[in-house]
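Morning, everyone. I have one structure to walk through, and I will keep it brisk. Please have a look at it first.

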Amino acid sequence: MTDHIRNARHAALLGCAASIAFMPATLAAQATEPPSLTAGAIAVTSNDAQDAEIVVTGSRVRGEAPVGSPVISLGRDQITASGAVTIDRVIKEIPQVFDLGVSENSRGQSGGSGNNTYGNSVNLRGIGPYATLILVDGHRTITNSRSFDPSVLPSLGVERVEVVADGASAIYGSDAVAGVVNLIPRRALEGVDAMARYGISADGAFREYQVGAAVGHRWTGGQVMVAYEHVFRSALSGQDRSFFTSDQRPFGGNDYRVTRCSPGTITAAGTTYAIPAGGVTQATAGSLVAGTSNKCDDLIGQDLFPRQEYDSVNATFSQDLTSWLTVFGDGFYSKRRFAINPAFANATLTVPSTNAFFVRPAGFTGSNYTLGYNFRNDLPRNTTTGYTRSWEVTPGVRIKLPHDFQAEAIFTYGKGHDESNQTGGLNNAALTAALASSNPATAFDPYGLGRTSPAVLAALGNQIFLAPTLNTFKGYEARINGTLFELPGGPVKIAAGYEGQEMDVALGVARGNPTVPLTYRHFSRRVDSGYAELLVPIFGAANAIPGFHKLELDAAIRHDRYSDVGRTTNPKFGVNWSPIRDVTIRGSYGTSFRAPLISQIYGNSNNLYVQSYQNPTGGAPLIGVAQSGANLDLKPETATTWSAGMDVQPFSRLRLSATYWNVRYVNQVNAYLSDLAILNREAQFTGTNIILRDAAAAARVQQAVADGIALAGGAFPGGSPANVTLYVDGRNNNLGKSITRGIDFQANYNLPTDTMGDFALNVGGTYVLRYVVAITPNGPLVSLRNTIFNPLKFKARGSLAWQKGPFDAQATVTHVGGYRNTSIPGGQNVKSYTPVDLSFAVQVGDRTSRDFVKSGIQIGFEVRNLFDIDPPYVNLAPGGNGNGGYDATASNPVGRAFAISLRKSF
């Protein structure tokens, strides 16, 4: 009888395994044997985590994994094996994370325009730049009023990263629409972990280095840990990558070159004249040839991503004061400095005949003409520099109560300061005056002979744009959890609590002449929240019956009251059912909520920007004007999420998992300030006044200027807002709704051998089945799945790791499936992108020893993008917010890179 049951059980396991099939990668190798299968359970792969209390993200019930929702966990081993120099870059390796919105690589999607300090955040599923909540040790943290950059924590100070890619507003409140990411700091380190790493691209155009140390000590009833890290990453100039070019004909694409060059192109009475390479004067006006023009790259000298320099510290402590009272805390300090070079300024100038250097083409009798011009030989680039600095402390107290209950209270206090500064902007008023001047000493020379005086040039490039943001955060939490009573299936547990938040934000601006004072607008928000969660085990080890090895239900509810945007109540329900021991079928359903950011309501700034837009007809980019500003009528976003999945462990060393997920997201807040490809979707905006053309565009811009809205970037065509032919409203609006569906999958297999070492294979990924979007609340749903700058159909990551004695090696393959570039007429099929990384390490000394001498040192070697694969070619004009010839959201422009590292633990 027993044998029959066992055989049936094995057959069921193999059948379930076959139904899930072979699956692709999120995690690097784990050398430990996986535990018995529990839905949503994690495997902590770090020696110094052995004695730490495990609190799993996604549930408020103490010691319990979330019911119905899987958890992706990156432990110390995965963080170390990644080779990424900061935690945000480690998280980006998870296939469920899309590099859309708040990213240093590309600011062209929703959320990008507010990222004026070039940070990185997390966008799960790609459905929204602010739809993922990021926590530190389970609690909310200081942000820059827009997003949170995980790099504030040094990678050496993080024990693990847990990701629940499922709606979690019932557990954690606003922002957890797509899911939640929890950065869990180290609390069990005993000794010192130190490391140094240096990396460089094969061509030397990019380099990075990282140095740091973590020190921890444990004693009976307490611990302390402090980690520090310094990271430097150089910028990568577009000049160093052949694919970042306007003339893409050699790649089979379009010619996006412009006539705003140096030397420039005169357009007089509709006829163009290319200014010769040596310049032109009236005496040599005969060298101007009618019908000719100079063409050049639109964006000359632009960086593809900024130079970044990080200094970060974090710490934890805990101490048992009595057998029932414990104090604990965590905190961090971070400063990240950045600098990025834009392209040299260019503009279409209106040159009147009064200009001291005016050249009149033969036969032209008018009083002025336009001249396409690039200032690369006159003015330096208007480099953006700045920093983001933040710190936070979170002390807490834990009290053990009778009958397995426990109470906790924590208080979080943090401050943030962002700076984004430009001090060399084009002075349009001074330029207009210099073009009109008949005095050679005060006139501007646009004819390629460099006759403009230094004093005039200094006045032309003296405009400042300073945009600081100051933030203060106070968080209060009081919670209680424990066992209510026992059922035959196990203990019924409850968690309940109160959470309060106070946010003060100061949005600063100084724009114009260098003497313009810096002014601030001050805003505040308070949030009061109550929540409860109940875990009910129906079947468990004590009362299991055939078909019900385990069955547990979970219900959570949370009410949030905002001082400025109303209130909301969100439930979530989860179920785990194990018909047999090593198979778990799970599901979840819930609603989620996201309050609009303070900066979205009131606007980071109220400005006009001249920008180059992708031409939907395939020609040179179109010059348009975008407007930023406030929208006091913004409403919260809401979502309904549900998922269903299965976890199978056919035998002890193999784990398989698959999850179907569905997110319906409505009333989405979108802004198109930085979307330079918006014209390809112009028809979808009909009736919204988001995009205006010709006379309507000119009228809107002229009205904005009359209302005192200043031009913060670029120059109006011909020097006048009356010449504007394209207007884009870049302010935040409740426009969109989306439906996103897909499947996540993962497989982990460990194979220890007696003579050949230990092997670990990990594969995982995500497959998007549907992504449809309506630009307006009542508009038609349009499929944008697998199109440029939207969630891609297929992403996967796989690794094979090997360890034997002092040697470690790992090969990692990342795959981004091909997709459709819809930004050009007729579209383009973009090829897939599959770089391969290799790493090798050797331990000189005893890796298990904590003695300084005996422990020795680990020496590591890495090759990133082993085969030096270029990003797939994308027929896309270079844009000021990233991309051009390649897609910065789906590929890496660095190419092959090498790194060496030294690590020592004692």
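Let me start with Ser145. Ser145 is buried, because its relative accessible area is 8% and buried means under 20%, exposed over 50%, partly exposed in between, with a 1.4 Å probe and protein chains only. Its phi is positive, about 80°, although Ser145 is not a glycine. Ser145 is found in the loop between S2 and S3. For the labels: helices (H or I, at least four residues) and strands (E, at least two) are DSSP runs, numbered from the N terminus.

Now the ground rules. This is a predicted model, where local features need pLDDT of at least 70 and side-chain atom pairs count only at pLDDT 80 or more, while totals for chains, interfaces and linings use all residues. Residues are numbered from 1 along each chain as its sequence is written, and side-chain values use heavy atoms, with hydrogens and water left out.

The term means a side-chain nitrogen of Lys or Arg within 4 Å of a carboxyl oxygen of Asp or Glu. Are the two partners buried or exposed? Arg146 is buried, at 6% relative accessible area. Asp418 is buried as well, at 2%.

The loop between S2 and S3 also holds Asp137, which pairs with Arg187 from the loop between strand S4 (179-185) and strand S5 (191-201). The separation is 50 residues. Asp137 counts as partly exposed, at 25% relative accessibility.

Next, the sheet around this loop. Four strands form an open sheet in the order S1-S3-S4-S2, with mixed pairing. Strands pair here if DSSP finds at least two bridges between them. Which strands are at the edges? Strand S1 (72-74) and strand S2 (132-136), each pairing on one side only. On average, neighbouring strands are turned by 15° against each other, direction ignored. The axes behind that are lines fitted to C-alpha atoms, for helices over the stretch in contact, and angles run from 0 to 180 degrees between N-to-C directions. S1 pairs with strand S3 (residues 158-164) in the antiparallel sense, over three bridges. Ser73 stands opposite Glu162 in S3.

On to packing. The largest nonpolar core has 53 residues, and Ile91, Val161, Leu183 and Ile678 have the most contacts inside it. A nonpolar core is a set of buried Ala, Val, Leu, Ile, Met, Phe, Trp, Tyr and Cys residues joined through side-chain atoms within 4.5 Å. Take Leu183. Leaving aside neighbours within four places in sequence, its contacts include Ile87, Ile91, Ile134, Phe148 and Val161. Contact means heavy atoms within 4.5 Å. A second, separate core of 30 residues includes Ala268, Leu349, Phe375 and Leu435.

Back to charges. How many salt bridges does the structure hold? The count is 47. One network links Arg60, Arg140, Asp175, Arg398, Glu408, Glu477, Arg479, Glu499, Arg558 and Asp560. Another salt bridge joins the side chains of Arg526 and Asp528, at 3.1 Å, N to O. Arg526 is partly exposed at 30%, whereas Asp528 is buried at 15%.

Now the loop between strand S40 (857-864) and strand S41 (897-905), where Tyr873 lies. Tyr873 is buried, at 18% relative accessible area. Its side chain makes a polar contact with the side chain of Gln248, at 2.6 Å. A polar contact is a pair of N or O atoms within 3.5 Å; within protein, one must be able to donate a hydrogen and the other to accept it, and residues adjacent in sequence count only if both atoms are side-chain atoms. Beyond four places in sequence, Tyr873 also touches residues including Phe251, Asn254 and Val830.

Asp868 lies in that loop between S40 and S41 too. Its phi is positive, about 55°, and Asp868 is not a glycine. It counts as partly exposed, at 34%.

Last, a backbone detail. Ser262 and Pro263 are joined by a cis peptide bond, with omega about 0°. Pro263 lies in the loop between strand S8 (236-237) and strand S9 (265-268).
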